[in-house]
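This report describes selected strands and disulfides of one protein model. The sequence and structure come first.

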Amino acid sequence: MFWLEKRQWCQREIVCTGAQDDAEEVACSPGFQVKQYQVEYDGGFLKDQPLLKVVFDDCAENQDVSFEVSHPDFLIDEDLNLVPRRDVIDSGAVLFVHGLNAHADDMAQVDIMGAPPRSPQTLREIVGLGDITPYRTKRSLLVPPMFVPENQRAPFPRSIGKSHVISYDMKDDHYFRLTGKGADQDPKGVFSINRRTGEVAVSRALDREAIAFYHLQVSTTDMSGNLVEGPVDLDVYIIDQNDNRPIFKESRYSGEVLEGSPSGTTVMTMTALDADDPNTDNAVLRYIILRQSPEKPSPNMFYIDPERGDIITVISPSQLDRETLPTTQYELEIVAKDMAGSEVGLTGTATATITITDRNDHAPEFTHSLFQASVDEGSTGVVVNLTVDDRDDPATGGFRAMYSIIKGDPNQSFEIHTNPDNNEGMLSVVKPLDYESSMFHTLMIRVENEDPLVPDVIYGPSSTATVYIAVQDVNEGPVFFPDPLMVTKWENIPVGSFVAMLNATDPDFRQIQSVRYGVLRDPAGWLSVNPVKGMVNTTATLDRESPHVHNNRYSAVFMATDNGNPPATGTGTLIITLQDENDNAPYVVPSVARMCEDAKEVNVAVIGARDKDIHPNTDPFKIELGKQLGLEKTWKISRINNTHSQIMLLHSLQRANYNVPLVLTDSGFPPLTNNTELKVQVCTCKKNRMDCNGAVTPVTDLLLLLSLLTLSILCL
């Protein structure tokens with residue numbers, strides 16, 4: 001049905017492969033391994049009936065290859081078969097197949113023998129770009145991809161390939177033209193084309209790492225420069241040479257591995273980069289460990305995966321012990337070699353520093369099983385520092401200690417904290433100890449690490465210790481009971497009256513000591529105390545209304561001193577609640593009232609009574625005029641409430657100051673009466689103004705005075 005014809009373009013330093021059965025494949029050239037095919041035309045082609053199978057190899061397992069056929073009614077299926085999409089009669093005499101992926105970009109030709117001519121084919125159909133208006137049938141331009149090794153040596157220019165005109169020879173007055181970057185665009189002049197033959201040449205050595213691919217266009221023109229054919233793409237690929245060494249991103253790398261890790265644990269990954277073509281062995285790297293420092297306990301403690309660069313442990317977990325290794329850091333000199341590690345490969349080096357990190361595989365142990373300390377009773381603070389040993393890394397939680405009191409402290413009198421500077425346990429007294437209650441304390445202390453121990457390690461007997469604390473006796477001051485002592489007394493009791501009996505005892509009951517009393521603070525000087533018996537008596541009258549009495553309470557402080565060496569003193573408070581007696585007569589407020597001389601104006605004033613005593617020795621108050629004859633004809637007093645009354649001027653008086661006799665009586669038992677006087681200023685009142693002629697209060701607006709008078713009455 002069809003047969004194959006091998007067609008190839010070969011340049012110096014490029015190996016081409018064919019389709020002959022006995023051909024030996026020397027190297028892989030990406031693209032169609034057979035460039036031209038033939039198939040016979042027998043009246044047309046049936047839908048989905050395979051016509052032939054193309055041979056395509058991108059040298060990388062043909063991943064994600066896409067194919068385009070110049071005739072829209074044909075496709076390349078997943079088995080690389082050329083298949084009609086429908087029944088086709090008008091196939092034309094030639095088809096072009098374009099194969100493309102990341103590794104290859106190539107084109108093949110299928111000649112259909114005996115087929116009638118199809119509508120004229122165009123350059124776009126030739127390279128698989130779909131249908132456009134037909135242009136020519138006699139001649140088509142075919143430009144295969146070209147390949148140029150980098151770093152070529154002179155002489156230049158060097159031929160790299162040739163463009164072709166298919167069907168008929170090109171006319172003498174038509175010429176080839178090369179355009180694009182590398183030809184007539186920067187970098188200009190890298191490539192040139194022979195106008196007559198279409199032979200393409202390179203003018204200088206190329207660097208694939210600078211430019212790996214040139215995309216040019218080839219066309220034919222007449223003598224006037226008018227376009228005849230094209231342009232058609234010309235792709236020039238630069239063939240890589242191994243001219244770049246592997247380079248590590250950094251000269252030194254750091255990694256960590258936990259001590260005791262199982263063999264095969266990945267520590268870190270070394271990565272080097274090679275600027276050569278990643279699709280060739282020039283950039284295929286292999287890693288080795290050149291040397292290890294130090295070499296003990298084994299020169300081969302680590303292994304590096306030659307392909308991935310993973311550094312893994314080889315040493316056994318028992319030997320990977322941070323506490324027994326000669327050092328906690330190992331340096332590896334790593335070599336990366338290209339050409340897949342072959343002898344001709346180029347190399348790059350870097351240093352890997354591996355730190356053996358700590359795990360908590362050693363429990364802390366007290367340096368002594370018994371610690372002793374002494375402390376004065378009544379004092380607080382640190383009494384002893386407990387020391388421990390731990391072989392783990394001091395910078396980790398596997399070393400840092402945590403202490404706890406597990407026995408012997410029912411009253412929570414002690415606390416223990418870790419000293420961050422030296423890892424010691426600082427045992428402190430936080431509640432003062434009493435020698436008389438207990439002369440000795442025995443504590444059991446446990447030490448642990450912040451981090452948990454590894455599963456196969458436990459806390460042993462050495463992780464607990466006993467602390468023996470002796471309490472030293474100190475002469476303590478006598479203690480008053482109760483403190484404060486509360487008593488209630490009437491004010492004005494006779495001088496020398498009994499007030500209270502103080503009770504102070506010496507807590508040092510293991511010593512025989514006497515106690516003497518004294519007054520430490522007596523603000524009013526009302527009290528005395530018997531120095532031996534502690535009896536408190538009055539030395540002056542107790543006055544509830546004294547400024548030293550607050551909220552009916554008077555406070556005094558007494559002291560008790562023992563005869564120890566040295567003597568110690570304690571203090572206690574006596575609080576006397578004073579009961580009120582009716583010993584204060586009421587007094588009038590305010591002491592001055594103002595009225596207008598004309599009885600038709602403001603002639604009323606509000607007065608009140610006050611009393612220093614407390615209820616029931618105060619209100620209700622009785623406010624009356626004195627017993628002077630005829631007084632009631634000029635003044636009148638009317639009760640407002642329990643504490644206030646009003647005084648009224650009954651007729652006009654001359655402007656002057658008048659002293660009005662008053663009698664004020666409280667409600668105590670027996671009641672107390674105060675004969676006093678109220679000063680009344682009679683003033684001239686004109687146009688709502690009051691002129692009191694030198695009175696203490698300046699001229700006052702009468703309307704304001706009336707408002708204040710009314711407000712004061714309503715508030716009562």
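**Basis**

Two strands pair if DSSP finds at least two bridges between them; helices (H or I, at least four residues) and strands (E, at least two) are DSSP runs, numbered from the N terminus. The model is predicted: local features need pLDDT of at least 70, side-chain atom pairs count only at pLDDT 80 or more, and totals for chains, interfaces and linings use all residues. Residues are numbered from 1 along each chain as its sequence is written, and side-chain values use heavy atoms, with hydrogens and water left out.

**Strand β8 and its partners**

β7 and β8 form a hairpin with four residues between them. In the turn, Leu-80 has a positive phi of about 65°. Strand β7 (residues 74-76) pairs with β8 in the antiparallel sense over three bridges, and Leu-75 stands opposite Val-83.

Strand β4 (residues 52-53) is also antiparallel to β8, joined by two bridges, with Leu-52 opposite Leu-82. Asn-81 and Val-83 on one side of β8 and Leu-82 and Pro-84 on the other are all buried (buried means under 20% relative accessible area, exposed over 50%, partly exposed in between; 1.4 Å probe, protein chains only).

**Disulfides**

The whole structure contains three disulfides (pairs of cysteine sulfur atoms within 2.5 Å). In one, the sulfur atoms of Cys-28 and Cys-59 are 1.7 Å apart. Cys-28 is partly exposed, at 31% relative accessible area, and Cys-59 is partly exposed at 34%.

Cys-596 is joined to Cys-685 (S to S 1.8 Å), and both are buried. Cys-683 is joined to Cys-692 (S to S 2.0 Å); with 95° about the S-S bond, this link is right-handed.
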